[in-house]
Amino acid sequence: MKREDVPAKYRPKYDRAMSGRSPKSGIRLFCLECVGWSEKEVRLCTARDCSLFLYRQPPSKRGRSELEGDETTSVDRLHSAEV
Ligand code: SF4
């Protein structure tokens, strides 16, 4: 993904991802690009076999409730990470 291909709205996020300081931003951008830059479609993603499925942001309420069975998940740790 090249910066000029990223919608202007998401360029600050792209810059954070490319700085190497925010894996969270990198994952978010990858998911947004995957679904044609629609935040709603990232939430509605059902591709459970995708390696980023559990890390997409924000997870749907259903996805989060499925994860809440675990006391602390990698998703929680990722979401609490510094951006
Ligand atoms: S989790 Fe869903 S939206 Fe994100 S990259 Fe995978 S298929 Fe695409």
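Helices (H or I, at least four residues) and strands (E, at least two) are DSSP runs, numbered from the N terminus. The legends below describe a predicted model, in which local features need pLDDT of at least 70, side-chain atom pairs count only at pLDDT 80 or more, and totals for chains, interfaces and linings use all residues. Residues are numbered from 1 along each chain as its sequence is written.

**View 1. Overall arrangement of the chain.** The chain contains 5 helices and 0 strands, and from the N terminus on its elements run α-α-α-α-α. Of its 83 residues, 10% count as buried; a residue is buried if 20 or more other C-beta atoms lie within 10 Å of its own, exposed if 12 or fewer, and partly exposed in between, with C-beta atoms placed from the backbone. Two residues are in contact if their C-beta atoms, placed from the backbone, lie within 7 Å. Among contacts between residues at least 6 apart in sequence, 32% join residues at least 24 apart.

**View 2. Helix α2 and its buried face.** Helix α2 has 12 residues and reaches 16 Å from its first C-alpha to its last, close to the 16 Å expected at 1.5 Å a residue (the expected span being 1.5 Å times one less than the number of residues). Its buried residues are Ser25, Arg28, Leu29, Cys31 and Leu32. Seen down the axis of α2, these buried residues fall within an arc of 165°, so they line one face of the helix; the arc is that of the directions from the helix axis to the C-beta atoms. An α-helix has 3.6 residues a turn, so residues three or four places apart point the same way. The cover over the buried residues of α2 includes α1 (11-18) and α3 (39-44).

**View 3. The largest nonpolar core.** Ala17, Leu29, Cys31, Leu32 and Val42 form the largest nonpolar core, which has 5 residues. Such a core is a set of buried Ala, Val, Leu, Ile, Met, Phe, Trp, Tyr and Cys residues joined through C-beta atoms within 7 Å. Helix α2 (residues 23-34) gives the most to this core, with 3 residues. Leaving aside neighbours within four places in sequence, leucine 32 is in contact with Tyr10, Trp37 and Val42.

**View 4. The shell around the ligand.** Surrounding the ligand are Phe30, Cys31, Cys34, Val35, Val42, Cys45, Ala47, Cys50, Leu52, Phe53 and Arg56, where a residue is near a molecule if its C-beta atom, placed from the backbone, lies within 6 Å of it. The shell divides into 10 nonpolar residues, no polar and 1 charged; Ala, Val, Leu, Ile, Met, Phe, Trp, Tyr, Cys and Pro count as nonpolar, Asp, Glu, Lys and Arg as charged, and the others, Gly among them, as polar. The largest share of this shell, 3 residues, comes from α2.

View 5. Glutamate 33 is found in helix α2 and counts as partly exposed because it has 15 C-beta neighbours inside 10 Å. Its C-alpha atom is separated by 9.7 Å from that of proline 7, 26 residues apart along the chain. Just after α2, glycine 36 takes a positive phi of about 75°. Tryptophan 37, in the loop between α2 and α3, has a positive phi of about 65° although it is not a glycine.

**View 6. Surroundings of arginine 11.** Arginine 11 lies in helix α1 and is partly exposed, with 13 C-beta neighbours inside 10 Å. Not counting residues up to four places away in sequence, arginine 11 touches Arg3 and Val6.
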